[in-house]
Amino acid sequence: EMQQAYGDIRKHVLHTQQMVCSLETGENTTMELQGQISSNINTLDRLLVNLQSMLAVYDGADKTTWRIKVENETAGVAELRESITQYMTRESQLERERHDREELFRRVRGTGADREKEHRAGMEGESLDRSMQEAERILESGTGILGSLHDQREMLKSIKRKVLGVTNALGLTRSLMRVIERRQDGDKWIVYGGMVITTVIVCWFYYYFRM
């Protein structure tokens, strides 16, 4: 019985050693293989416990030899467990380092994008400032035009009064006065129309640059 139990342990140890070798050389690094190695080591632990129980009650002359064999196999299984543990630790550390590099790259790339957004926002702000300045200039020009039209209207009123005075002095006919009044009314509507059109144009420019 001990010989058969020992033979089972040896087969499991050799098979597990081959899998660990494939893992460490990179021939096969799948999670499935790692799971099989861990499962085999757990099986070896149970087999060794069974063999140690058999050795405890064994009273043959070669008991010392068997004890040495069991100790050697126990040490071999411990080495297998240490190998798979070290491999998994290295892989975990490499994975953390890869993750840290990707996170750093993402942050650097994000910082560049943020700077680009700030640059664009600054350019848009400068463009808006220029538009506002242009709108103010147009408004000032429109205000000047309206003031000029108002001055012209006042000047026309003054001319009308002077013409009326001259007419009264010279005794011009009523028909001539009506002609002058119609001309004056026409000029008045021209002035009002010009003021309205200028106001519309100024408002349009103002809202256009504001948008």
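**Core, rings and a buried asparagine**

Reply: Ile37 and Leu51 touch the most other members of the largest nonpolar core, which has 22 residues. Helices H1 (2-25), H2 (31-56) and H3 (63-170) each supply at least two residues of this core. This is a predicted model: local features need pLDDT of at least 70, side-chain atom pairs count only at pLDDT 80 or more, and totals for chains, interfaces and linings use all residues. Residues are numbered from 1 along each chain as its sequence is written, and side-chain values use heavy atoms, with hydrogens and water left out.

Me: What makes a set of residues a nonpolar core?

Reply: The members are buried Ala, Val, Leu, Ile, Met, Phe, Trp, Tyr and Cys residues, joined through side-chain atoms within 4.5 Å.

Me: Which residues is leucine 51 in contact with, leaving aside its neighbours within four places in sequence?

Reply: Met2, Ala5, Tyr6, Ile9 and Val70. Contact means heavy atoms within 4.5 Å.

Me: Why is the pair of tyrosine 6 and tryptophan 66 called edge-to-face?

Reply: Rings of Phe, Tyr and Trp (its six-membered ring) pair if their centres lie within 6.5 Å; planes under 30 degrees apart count as stacked, over 60 as edge-to-face and the rest as tilted. Here the centres are 5.6 Å apart and the planes stand at 80°, so the pair is edge-to-face. Tyrosine 6 is in helix H1 and tryptophan 66 in helix H3, 60 residues apart, so the pair links distant parts of the chain. The structure holds one aromatic pair. Both tyrosine 6 and tryptophan 66 are buried.

Me: Where does lysine 69 lie relative to tyrosine 6 and tryptophan 66?

Reply: Over the face of each ring: 5.3 Å from the ring centre of tyrosine 6, and 4.6 Å from that of tryptophan 66. The test needs NZ of Lys or CZ of Arg within 6 Å of the ring centre and within 35 degrees of the ring normal.

Me: Why does asparagine 40 count as buried?

Reply: Its relative accessible area is 14%. Buried means under 20%, exposed over 50%, partly exposed in between (1.4 Å probe, protein chains only). Therefore asparagine 40 is buried. Asparagine 40 is found in helix H2. Not counting residues up to four places away in sequence, asparagine 40 touches His15, Thr16 and Met19.

Me: How does the span of H2 compare with the expected one?

Reply: H2 has 26 residues and reaches 38 Å from its first C-alpha to its last, close to the 38 Å expected at 1.5 Å a residue. The expected span is 1.5 Å times one less than the number of residues.

How values were computed: Helix = DSSP H or I, 4+ residues; strand = E, 2+ residues; numbered from the N terminus.
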